[in-house]
Amino acid sequence: MRFRLIQFSRGFTLMEVLVVIVIMSVLAGFALPSYSTHVERVRASEGVQLLVSLLAAQERYRIENNAYATAIASLDIDIPNASNFSVPPNLFNAAARVVTIARLGGSYTLCINSTGVVSCSGAANICAQYAAGGVGICP
């Protein structure tokens with residue numbers, strides 16, 4: 001009587017592991033740039049919220065004093081610590097540019113005018129979302 005040895009395969013071959021690694025690398029190559037752009041847009045929304053709050057404070061100041069404030073201490077607002085933007089922001093006494101804030105690291109600058117239109121200058125991937133709405137660069 002002859003006995004046959006039945007051989008069971010255990011584990012994966014080197015080729016199968018390499019194919020999985022290549023597929024995962026290609027997927028990560030597509031996902032990471034999209035993810036980092038999304039994260040930066042979320043950071044930019046923090047700046048826009050800060051600009052809108054400062055614009056409201058500037059408008060209250062303008063109604064009371066007939067001019068925009070040029071010093072942050074003149075406004076009746078507490079500015080939170082912004083983790084992604086330079087604080088305090090730059091204030092201007094002009095309707096074309098009321099408040100400007102810069103991204104830490106200097107990649108772009110956001111500004112808002114007296115009508116509430118946000119504009120951007122700097123990093124193309126972030127500023128493109130503001131240019132699509134017909135908004136130009138910061139003056």
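Four strands are arranged as an open sheet in the order E1-E2-E3-E4, with antiparallel pairing (strands are DSSP runs of E with at least two residues, helices runs of H or I with at least four, numbered from the N terminus; two strands pair if DSSP finds at least two bridges between them). The model is predicted: local features need pLDDT of at least 70 and side-chain atom pairs count only at pLDDT 80 or more, whereas totals for chains, interfaces and linings use all residues. Residues are numbered from 1 along each chain as its sequence is written, and side-chain values use heavy atoms, with hydrogens and water left out. Strand E1 (90-91) and E4 form the edges of the sheet, each pairing on one side only. E3 and E4 run antiparallel and are joined by five bridges; cysteine 111 has serine 119 in E4 as its bridge partner.

The 52 residues of H1 should span 76 Å at 1.5 Å a residue, and the 75 Å between its end C-alpha atoms agrees with this (the expected span is 1.5 Å times one less than the number of residues).

Among the buried residues of H1 are Leu50, Leu51, Leu54 and Leu55.

Definitions and conventions. Buried < 20%, exposed > 50% of the residue type's maximum accessible area, 1.4 Å probe, protein only.
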